[in-house]
Amino acid sequence: MGQTRDLGRRIELHSMDPHCHDISLGLYRQIHDGRSGYLVHSYSAAEAAEGRLSAIRDGLAAHAGLVPMEGQPGLLEFPCGEDHEKALRRTFLEVCKRADEEIDGPLPLIRHDKKAECELTVNSEGNGQYRITAPESAEKGPRRVRAVARGFVKLCEMEIDESDESVVKFSCHVDHDSLMGSLFFRAQNVRSAMQEDELSAGRGVLAAPGSQDDS
Ligand SMILES: [Zn+2]
């Protein structure tokens with residue numbers, strides 16, 4: 001079981017993967033030189049597990065904007081070196097929901113919003129700051145823009161601009177366009193995301209096979 005310790009701390013678990021023989025996939029965090037490195041791992045011996053793992057790993061890299069960690073084969077990190085753990089855990093679960101062929105690249109920063117009856121856009125203003133906008137003609141636009149901004153604050157642990165509630169920023173001051181795209185639809189419906197969180201918290205206490213000693 002020496003290998004278990006080397007994986008790092010498990011921060012999320014996707015169990016009973018319907019897209020791959022009900023295997024369990026874990027997301028692990030390791031710290032190297034003060035930077036957070038992430039590993040997608042499965043204890044499954046199923047032959048298909050390796051292919052599924054690499055699809056999830058590549059998908060997570062694309063959807064969260066992770067890059068290979070230098071000197072640490074197999075580990076991924078955010079370019080800023082921060083953990084952004086909450087946003088990453090959610091992105092991991094979103095990627096795991098998809099079959100391999102449904103895992104695409106990053107999602108667009110413009111989306112239709114049913115409640116606002118218009119398109120909403122996440123605009124990068126640089127240095128990790130984003131402004132949510134709606135067309136001026138959309139009556140319910142301003143309200144929804146503020147709601148989505150608050151959604152991002154919750155989902156991505158961002159800060160809201162006190163003078164403009166449509167502006168949110170990452171405390172690392174680094175852009176994370178992929179994360180913003182991946183969690184945009186979640187920010188539009190943060191209540192259902194929070195409900196899923198509760199389920200996930202319940203799942204988190206169930207250890208993956210063979211991983212009982214990670215804490
Ligand atoms: Zn960052």
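This is a predicted model: local features need pLDDT of at least 70, side-chain atom pairs count only at pLDDT 80 or more; totals for chains, interfaces and linings use all residues.
The size of an interface is often given as the accessible area lost when the parts come together. On the domain 1 side, His84, Lys86 and Arg90 supply 41% of the area buried against domain 2, which is more than any other three residues contribute.

## The zinc site

The zinc ion has four protein donors, namely the SG atoms of Cys80 and Cys172 and the NE2 atoms of His84 and His176, and these lie 2.1 to 2.2 Å from the ion. The angles subtended by the four donor atoms around the zinc ion run from 97 to 123°, and the arrangement is therefore tetrahedral, since four donors count as such if all angles lie between 85 and 135 degrees. For reference, the ideal angle for four tetrahedral donors is 109.5 degrees.

Along the chain, the donors of the zinc ion follow the spacing C-x3-H-x87-C-x3-H. The two histidines link distant parts of the chain, being 92 residues apart: His84 is in the loop between strand S5 (76-77) and helix H3 (85-96), whereas His176 is in the loop between strand S10 (164-169) and helix H5 (177-187). His84 counts as buried because its relative accessibility is 9%, and His176 is likewise buried, with a relative accessible area of 3%.

## Cysteines

A disulfide is a covalent bond between the sulfur atoms of two cysteines, and the structure holds zero disulfides. Cys156 is in no disulfide, and the nearest cysteine sulfur to it, that of the zinc donor Cys172, is 11 Å away. Cys156 counts as buried at 2% relative accessibility, and the zinc donor Cys80 counts as buried at 16%, because buried means under 20% relative accessible area.

## Backbone at the two histidine loops

Most residues other than glycine have a negative phi. His84, in the loop between S5 and H3, has a positive phi of about 40° although it is not a glycine. A positive value is also found at His173, where phi is near 60°; His173 is placed in the loop between S10 and H5. With 51% relative accessibility, His173 counts as exposed, whereas His84 is buried.

Not counting residues up to four places away in sequence, Tyr38 touches Ile11, Leu27, Tyr28, Arg29, Gly74, Leu75, Leu76, Phe78, Asp83, Glu85 and Leu88. The C-alpha atoms of Tyr38 and Glu162 are separated by 33 Å, the two residues being 124 places apart along the chain.

Leaving aside neighbours within four places in sequence, Val40 is in contact with Gly26, Leu27, Leu53, Ile56, Arg57, Leu60 and Phe92. Val40 and Ile103 are 63 residues apart in sequence, and their C-alpha atoms lie 15 Å apart in space.

Helix H5 is largely enclosed by the rest of the structure, because nine of its 11 residues are buried. These buried residues are Ser178, Leu179, Met180, Gly181, Ser182, Leu183, Phe184, Arg186 and Ala187.

Leu155, in helix H4 (residues 141-156), counts as buried at 0% relative accessibility. Beyond neighbours within four places in sequence, the contacts of Leu155 include Leu183, Arg186 and Ala187, which are among the buried residues of H5. Leu155 is also in contact with Lys86 and Arg90, two of the three residues that supply 41% of the area domain 1 buries against domain 2. The C-alpha atoms of Leu155 and Asp175, which are 20 residues apart along the chain, are separated by 16 Å.

How values were computed:
Residues are numbered from 1 along each chain as its sequence is written. Side-chain values use heavy atoms; hydrogens and water are left out. Donors are N, O and S atoms within 2.8 Å of the metal (3.2 Å for Na, K and Ca); water is not among the atoms, so sites may look incomplete. Four donors count as tetrahedral if all angles lie between 85 and 135 degrees; four count as square planar and six as octahedral if opposite donors are over 155 degrees apart and all others between 65 and 115; anything else is irregular. Helices (H or I, at least four residues) and strands (E, at least two) are DSSP runs, numbered from the N terminus. Buried means under 20% relative accessible area, exposed over 50%, partly exposed in between (1.4 Å probe, protein chains only). A disulfide is a pair of cysteine sulfur atoms within 2.5 Å. Buried area is the accessible area (1.4 Å probe) that two parts lose on being put together, summed over both. Contact means heavy atoms within 4.5 Å.
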